[in-house]
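Trainee: I am new to this structure. Could you take one part and walk me through it closely? I would like to look at the aromatic rings and what surrounds them.

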Amino acid sequence: MVPGLATKMSPSFKLVSTYFISAIFSLLAAVVMMIVDHTSLKGHHFSPVALAVTHLMVLGWIALTIFGALFQLIAIILKVKLWSEKLAFIQYAFHMAGMILLVYSFYNFNFTAIMVVAGSFLMVAVLIFLVNLGVTLAQGEKRNLTGIFLVASNVYLFFTVLLGLLLAINLGHPFLPGDHLKLLTVHAHLGIAGWIGMVIAGVSMKLIPMFTLSHGYSVKPAWLVFIFLNSGILGFSLARIAGFSDAGDYIFVPLIALAFLIFFYQILLILKKRMKKNLDLGIKFSVFAYTALVTALLGGVSFLFISNGDASEEMNLTLVYGFVVIFGFISQLIMGQMYKIIPFLIWFHYYSSKVGLKKVPLLKDLYNRDISKAQYYITNLAIFVTTGGMLLNHETVLLSGLIVYFAGAILFSYNILSTYNRRSDDTVTG
Amino acid sequence: MIMNDNEIKSMIESANQVVLDVRPSLAQGVDPFHLIMGEIAKLQDGDVLHLIVGFEPKPLYNVLGSRGYEHYTEETDNVYNVYFFKAGSLAPGNPEGATPKGQARNGEQATRNEFAPLPDKVVEIDVRGMEPPEPMMVILEKIHEIDEDTVLLVHHHREPMMLYEKLEELGWEAVANRIDENYYKVVITRKVN
């Protein structure tokens, strides 16, 4: 295997940083929004603030991180160079425009043309991404498990955004058959279980063993995850669209939950075969994240079967479920991974050429480990408290949890963003 | 002096070829590098080392190039026949041209040893127990410690994709051999301009 002359496999530092830094500011904006409007966070999950916050979290914090990480990881995992950086920047422009307009229209409960424009911008951004990725992957040499998860993930991304756009149009000019609210759940699960779930599964299968130095584990569970997750999401979606949501839910929601539980088991298998004995912070974040996921799934499935039919209770639990999945699972996972990716990128970009010529800082010198540990515990605690406040419908508990979470998020942002300051710190003493 | 391909081919055909097929070694996961260097050291003037390998051994071009060996490569169906010969030793009418087989010329002894590669010019490091990005840090540090003639052989658990471009910047080249899913041998050599 011989790389070509001047093979610069990885994307530019500027591209990945743009996405990651925007993601971090989206997180902070979302938390501020939650604090300012915390009273709307209990009750009907269709509340404008909840929708605005959800989309700011998913399109901002989560999506921008996923895109940035994929641009970086494609080179390492699939050994191909991203086809066009320019397209990636154009995608960014459309994405940010669409996201800001969408969040604005949700927040103001404005379901008119502006929401359709927002949805269209996001659709354009996704199409640009799919073209860019498609051409890139076509040049790739391997078909592996991770690649397959990524392809599936992007198919779900396309349909999530498409359905979102159709739903936005539907709000102003109803044309879709069936119940709008039921279709909304399809949109949410296509996005969270389909797009995000698949990408997390695929990337984890490569990243976790890379960092824990694990070898010789079975990947059969991962294949089961792929089969069950796809069957579950497709079954769930089609059943809902066709109007058989009750029967469909009972069969396919447990199947989706089962898929995630099997994925959790696969992670344990990988950890069991690790050479690196002690688990660092990034892995610890992941452990909390997966535990939160398992809790949410078990809670969600049991709720499905023992629900007493109380509508407001149901909406409240939906909100809790969404919060635990987005903040407990996905967000903590991202924070843990960012501690690994961003300092490394800074190190690679600014210091790797200087190795051997001058004293170069170690990776762990680039960020403050005490702050990262504190921030880990603070955000975990905050998630518990906030969830409690939501479940108990207790405004003060809820608000306290959110404020503590904000403190943790500020610490995280400061810690990560301060690694960028290091570049001016050219002389390293000691 | 410059010879065209046909001239080189006919020179190679008429010279004494030492044939070394390293594909079985590679298939067994054994690195043939020491083997190849050993054979090069034993070559007499006018001999040609005929290497048979399943990929183009670019690091060898550099390593042997800096010791005065030229190469000529033919590829058919992913099988590479690489012929290494001392520069100028096959040229017709060259006073230091092909020596009759089996006869070493004492006068040449000193010159030959000047170019003979020494075994300790290969530095080996094993980064398989290190978590990213430590392997890259260790390799980059080692690059600055060794001299231009040295070959760095890295036992790695993956193909170090981000290392290639960094090495290029610093004037080195790398080729990775996949031994199995968790074991790659990465041969790093100084780029020859």
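Mentor: Start with a cut-off: buried means under 20% relative accessible area, exposed means over 50%, and partly exposed lies in between. Bear in mind that this is a predicted model. Phe158(A) has 24% relative accessibility, so it counts as partly exposed. Phe159(A), at 42%, counts as partly exposed too. Their rings form an edge-to-face pair, 5.2 Å centre to centre, with 80° between the planes.

Now take Phe288(A) and Phe384(A). They also pair edge-to-face, at 6.1 Å between centres and 90° between planes. Phe288(A) lies in helix α9 and Phe384(A) in helix α11, both of chain A, so the pair ties together parts that are 96 residues apart in sequence. Phe288(A) is buried at 15% relative accessibility. Phe384(A) is exposed, at 59%.

Stay with Phe288(A). It is in contact with Asn380(A), which also touches Gln332(A). Asn380(A) lies in helix α11, residues 369-391 of chain A. Its relative accessible area is 7%, so Asn380(A) is buried. The side chains of Asn380(A) and Gln332(A) make a polar contact at 2.6 Å.

Other rings join up as a cluster. Ring pairs link Trp61(A), Phe285(A), Tyr339(A), Tyr367(A), Tyr376(A), Tyr377(A) and Phe412(A). Two of these residues, Trp61(A) and Phe412(A), are touched by Met338(A).

Finally, look for charges over rings. The charged end of Lys340(A) sits over the ring of Phe211(A), 4.6 Å from its centre. In chain B, the charged end of Arg128(B) sits over the ring of Tyr183(B), at 4.2 Å from the centre.

How values were computed: Residues numbered from 1 in each chain as written. Chains lettered and ligands numbered in written order. Predicted model: local features only at pLDDT ≥ 70, side-chain atom pairs only at ≥ 80, totals over all residues. Heavy atoms only, no water. Helix = DSSP H or I, 4+ residues; strand = E, 2+ residues; numbered from the N terminus. Buried < 20%, exposed > 50% of the residue type's maximum accessible area, 1.4 Å probe, protein only. Polar contact = N/O pair within 3.5 Å; in protein donor to acceptor, adjacent residues only side chain to side chain. Contact = heavy atoms within 4.5 Å. Phe/Tyr/Trp six-rings, centres within 6.5 Å; stacked < 30°, edge-to-face > 60°. Lys NZ or Arg CZ within 6 Å of the ring centre and 35° of its normal. Lists of a residue's contacts leave out its neighbours within four places in sequence.
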